[in-house]
Amino acid sequence: MLTNNKNTLVRWILSGILVVFASPFFFTTAEAADCSDAFYIDETLPNGARWDMCWESRNREGITFSAVYFTPKNGVRRMVLNHAAVAQIHVPYDDNGTRFHDVSDLGIGGLNMLDLDPDECPGGTMLLLTDAQFTNKKVMCKQIEKRNVGFKSGNNTEAAYSFSLFSVSPVGAYYYIPTWRFMDDGSIEPWMGATGALQRFGTDQSQGWLLGDDRVGVSHLHNFFWKLDFDINNSHLDDVVEEVNFPLVNGKRQRSITAFNSEAARKVNPDTMRHWRIRDKTAKNSNNHSISYDIVLNETGHQDIGPASEPFTHNDFYVTRQNNNEKFASHNTSGGANLAEFVNGESLQNNDLVVWAGVTFYHMPRSEDAPHMDAHWSHMQIIARDLSASNSLGNQTSNSAPTIVTPSKQNSDRNTSPRLTIQANDSDGDYLLYSATGLPNGLNIDTSTGQISGTVTNIGDYQVVVSVSDGEDSSTTSFSWKVTESTDTGSSGGGGSFPIEWLVLLSLFTIIRKRLYSTQS
Amino acid sequence: MLAANTSQARPNNATCPSGNTISETFSSGAEWDMCWEVRDEEGVVLSDVHYKAAGKPRRRVLGEASLSQIYTEYDDGSASQFLVTDFGLGGSRLQTLNADMCEGGQLRSDDGRNVLCEITSANGYIYRYRDNERRQGSKLELFSASNINFREFIIRWSFLENGTIEAGVGLSGKFTKTTSDSSAGWTVTAQNKIATSFTDHYFWRLDFDIASDNGNDIVEQIMSVPSSDRLTKTRQSQTISTELSASFDPDGKKFWRILDQSETNTSNQAISYEMVLLNYAQQNKGNSSYPWLKSDVFITQYNACERFAVRNPASACGENVSEFVNGENTNATDIVVWYRLAHHTLPRDEDFSPAPVQWSNFILLPRDWTSSNTL
Amino acid sequence: MIIKKITIGCFIKALTITCITGFISLVYAQDYTHSNDPLSQDEVARVVAMSKIPVLAARSSGSTSSTSINNGQEILLIERNEEKGAPEGQRRADVFTYDYQTNELIQSLVDLNTSEVISSVRKQGVQLPLTQKELTRAKQIVFDDEDERQILQDEYHRITSRVLSDTAELNIKAFTFVADSLPNRVNEASKQCGIHRCAQLMLYTGENIVFEISPIVNLSEGVVTQRIGF
């Protein structure tokens with residue numbers, strides 16, 4: 001009996017120790033994120049939002065990211081992306097003279113990634129790469145960006161912050177600038193810049209543009225693809241990807257959300273303003289709303305459906321089962337050859353899924369593109385939806401209602417034009433709108449300024465109720481307004497003026513008296 | 001409904017009100033200059049916009065540019081609004097800006113109030129090429145803000161050192177409208193109210209007046225038509241001689257440029273600006289059958305009374321852009337291009353309150369304005 | 001977040017608990033490579049040793065004819081193997097080798113912790129970017145070909161008005177080339193590209209002006225198969 005109890009005791013003690021040793025206290029956060037410090041990014045933005053993640057450099061994909069976590073100010077740290085990477089840069093030319101697949105066939109990492117100079121990273125920090133090929137190569141620039149107006153309602157405004165990470169890859173005559181922006185509200189924007197010099201020149205103006213230097217720059221497409229392995233809230237089996245449409249039904253929009261149960265390839269649709277959303281099935285914010293991200297491909301004006309031999313260009317958005325071998329949208333080297341082959345009917349329910357998105361930029365050269373070509377940029381948006389319970393950027397936790405000053409009792413004469421401005425204040429600085437009921441006839445209130453003006457037309461005792469609203473809360477007060485008949489003596493109001501009727505009678509009496517007495521003399 | 005101060009658009013070659021010029025010279029020698037004014041309806045309106053490329057002559061691009069209407073449709077079918085003419089982006093709705101909002105920049109005032117922020121700032125890479133030649137760029141940015149029924153619209157213009165113009169609207173403020181129709185909104189906040197979703201159609205009025213003569217501009221429509229096997233494309237350019245309503249066509253990569261009939265760059269090419277309209281995914285054709293929602297771009301001949309894209313006082317001119325397009329000549333004349341950009345908002349918890357700014361932008365790009373890259 | 005498994009050395013003696021914390025500091029020793037970090041120089045060297053692949057002897061620029069045909073194998077790429085959900089501490093490498101004798105890509109999976117080659121697969125029709133050595137060979141093939149050399153010299157002259165005396169001044173970049181990248185444009189000789197290992201060359205003058213001619217080189221056969229107008 002005693003022995004059994006001792007064994008139990010030992011097990012209990014050991015299990016207690018196990019818990020202690022596994023606690024975060026014994027890890028540096030880099031350890032917990034499973035990359036060494038040199039490959040760990042931990043950035044808390046000035047307004048308290050935090051991103052932390054690992055990065056890696058690979059020969060073909062260039063810079064990739066993994067274990068991307070977001071922590072809103074005073075909020076919970078949650079994984080957003082398990083893995084994010086550029087999946088292809090596909091550049092077919094209008095004359096079919098070449099069709100490049102830059103990531104898979106050349107590589108934008110390794111030797112095809114620049115060792116940046118400090119002036120290319122103004123105000124920023126360099127991230128250094130030490131791997132099998134390089135030692136302390138300055139491959140990535142991190143810059144904190146401030147937008148003076150992150151949100152605005154009147155004077156209720158604050159700055160918004162993000163940070164960007166970019167690298168630069170020479171590809172032929174081009175330089176590509178893969179850039180990732182991480183915003184303070186949990187949103188992410190993958191961007192791609194293209195600069196350098198035009199790659200190809202020809203003679204046929206119908207497939208290009210005659211430049212000022214007398215060469216014909218051949219027109220071409222840039223199809224940029226990103227692979228986004230979302231694992232919202234760390235769990236990788238309970239995300240669901242949905243398509244959100246707003247079809248017009250009987251003159252109004254009727255939003256419809258359809259979950260993808262199996263792999264799919266989809267296009268944008270302006271008529272239904274289609275976008276996509278990835279949602280965690282279980283995680284909710286403090287309003288009990290599902291945590292999710294909207295995937296918005298607005299910049300699809302140059303959408304290009306390519307030839308049959310390039311089926312990976314036939315759609316804008318793909319969702320597939322996670323597969324370690326599926327890395328490149330085209331010329332993939334293991335498993336399926338391209339995105340269209342990755343989509344082969346596998347079930348997504350309770351499975352690990354990956355989103356792929358493509359954005360196209362069609363470049364018809366212009367004279368300004370020679371001898372060197374200024375950067376053109378393409379991007380997509382990954383926008384947090386209900387990750388936070390409210391606007392997490394501001395300092396206020398809840399709205400303060402505006403306060404209104406009760407005007408004193410008003411008196412006006414009929415046919416005069418009084419002016420009264422309602423005084424109100426909002427400690428958040430919010431824009432205010434005014435309203436009033438019960439005003440004397442002829443008067444109106446300016447909803448923006450709170451000024452009451454007009455010409456009073458009717459006498460009476462009015463009880464005016466004025467309200468001011470900041471869009472969320474309002475304040476109301478009331479006051480009385482007396483409109484009285486005005487006296488027409490020219491002297492200013494009040495008592496003491498002789499009624500005009502009496503004057504008329506007196507004058508008449510004087511005339512009659514004069515007449516009576518004049519006949520007697 | 002506002003009574004317009006004047007139903008006329010800005011007359012050509014008007015003088016700039018005193019104190020209302022803006023100009024910026026960049027370190028490269030490139031320069032932008034323009035005039036601005038405030039109107040009750042359109043808010044801040046730019047005019048006489050000139051670009052001088054480094055080492056090249058100064059030339060006018062736009063005679064006038066404004067946001068000429070915002071048409072808001074609510075997904076639940078409740079009453080739509082014309083924000084520019086029903087309420088106005090100017091007047092008391094034009095917001096007073098303070099130094100924090102304009103950090104690093106300069107506030108400009110109108111009628112005793114600071115209503116415009118002017119900032120010149122760094123803009124990242126202009127270019128990088130050859131082995132190691134590179135340049136960081138700069139831009140001149142102007143913005144104003146107008147609050148209409150608690151939604152706040154930030155109207156922003158960026159003028160880049162290389163002649164690129166980027167214009168856009170940032171939507172912020174508070175989304176106060178709610179509905180009982182769950183398919184026409186999104187359940188938000190701890191109160192679980194359904195915030196109505198909506199589309200804003202931004203109608204931009206761009207009075208191109210290329211170079212010294214504003215009456216000799218030409219519109220060229222350019223398409224790149226794919227072959228049947230889609231391996232090649234063939235460019236097709238045509239002059240648009242008559243007023244035109246047109247829509248996006250990603251398949252044909254259709255775009256328009258406005259060029260000058262006579263002035264050229266040093267390689268004798270016609271100078272022009274092109275419209276780079278990439279916003280496509282939300283470019284819906286509205287909830288109703290109004291013809292002025294069915295096209296994306298309206299190319300018209302300048303008409304002084306054609307001022308508002310919709311709800312234009314119809315005395316001597318049409319009521320809306322689709323009526324402005326009525327067969328007039330657009331070849332070698334004074335051109336005005338109207339561009340409808342549709343932006344849909346489905347509110348989310350993060351938008352309460354106020355909503356973080358969401359931008360809808362477009363680009364005007366010089367094409368052969370200079371014979372080569374001048375930076 | 002993956003919780004690390006920690007080996008705990010704890011024992012109880014006379015109701016006193018003594019734990020060995022030395023274990024933990026070993027785990028965090030300086031040379032520990034974390035799962036997501038790229039392969040280190042040391043790791044790559046070990047992979048090469050493990051792969052037992054005959055590495056191509058370096059070729060001197062003065063060597064004669066048959067340098068253009070490669071009878072051996074070439075290591076194309078060694079990179080960290082990405083396996084989502086792998087056990088903590090797993091370090092594996094993907095090794096891509098091209099077998100020029102059979103025109104096959106060999107993809108091997110190597111485990112750095114166990115020093116084992118876990119799997120090896122041969123496939124055809126799949127290509128990876130060129131190595132520096134292959135780029136040099138491609139250039140050699142082009143300039144060893146009298147006709148090609150002449151055409152490129154003419155092109156050089158057209159661009160610079162100079163005579164090309166030393167090909168070393170040219171800046172050359174190359175993509176791996178597969179025939180299905182260019183439907184309707186590949187000639188008979190280039191159709192093998194994809195099965196064979198081919199390169200598409202882009203040449204630049206010393207001032208970085210691009211040649212408007214791009215040769216396609218079949219590295220497996222050691223010949224120029226086509227010239228694409230640029």
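Is A:Asn350 buried or exposed? A:Asn350 counts as exposed because 11 other C-beta atoms lie within 10 Å, where the scale calls a residue buried if 20 or more other C-beta atoms lie within 10 Å of its own, exposed if 12 or fewer, and partly exposed in between, with the C-beta atoms placed from the backbone. The structure is a predicted model, in which local features need pLDDT of at least 70 and side-chain atom pairs count only at pLDDT 80 or more, while totals for chains, interfaces and linings use all residues. Residues are numbered from 1 along each chain as its sequence is written, and chains are lettered from A and ligands numbered from 1 in the order in which they are written.

Chain A has 5 helices and 35 strands, where helices (H or I, at least four residues) and strands (E, at least two) are DSSP runs that are numbered from the N terminus. Of the 521 residues in chain A, 50% are buried.

The chain is divided into domain 1 of chain A, covering 34-385, and domain 2 of chain A, covering 403-507, with bounds that come from an automatic or database domain assignment. The C-alpha centres of these two domains lie 60 Å apart, and 4 residues of domain 1 of chain A are in contact with 5 residues of domain 2 of chain A. On the domain 1 side, the touching residues divide into no nonpolar, 4 polar and no charged; here Ala, Val, Leu, Ile, Met, Phe, Trp, Tyr, Cys and Pro count as nonpolar, Asp, Glu, Lys and Arg as charged, and the others, Gly among them, as polar.

Between the chains, 78 residues of chain B are in contact with 84 residues of chain A. Several strands of chain B each supply at least two residues of the side that touches chain A, including strand E8 (133-148), strand E15 (233-239) and strand E22 (358-367), while the largest share, 6 residues, comes from E7(B). By class, this side of chain B has 26 nonpolar, 32 polar and 20 charged residues.

Leaving aside neighbours within four places in sequence, A:Pro270 is in contact with B:Tyr280, B:Ala281, B:Gln282, B:Gln283 and B:Asn284. A:Pro270 counts as buried because it has 21 C-beta neighbours inside 10 Å.

A:Asn350, the residue of the opening question, lies in the loop between helix H4 (339-342) and E24 of chain A, and has a positive phi of about 55° although it is not a glycine. In chain B, phi of B:Asn268 is near 65°, again a positive value in a residue other than glycine, and B:Asn268 sits in the loop between strand E17 (255-264) and strand E18 (270-276) of chain B. B:Asn268 is exposed because 9 other C-beta atoms lie within 10 Å.

Finally, a cis peptide bond joins A:Ala370 and A:Pro371, with omega about 0°, and A:Pro371 is in the loop between strand E24 (353-363) and strand E25 (373-379) of chain A. The peptide bond from B:Ser353 to B:Pro354 is cis as well, with omega near -15°.

Definitions and conventions. Contact = placed C-beta atoms within 7 Å.
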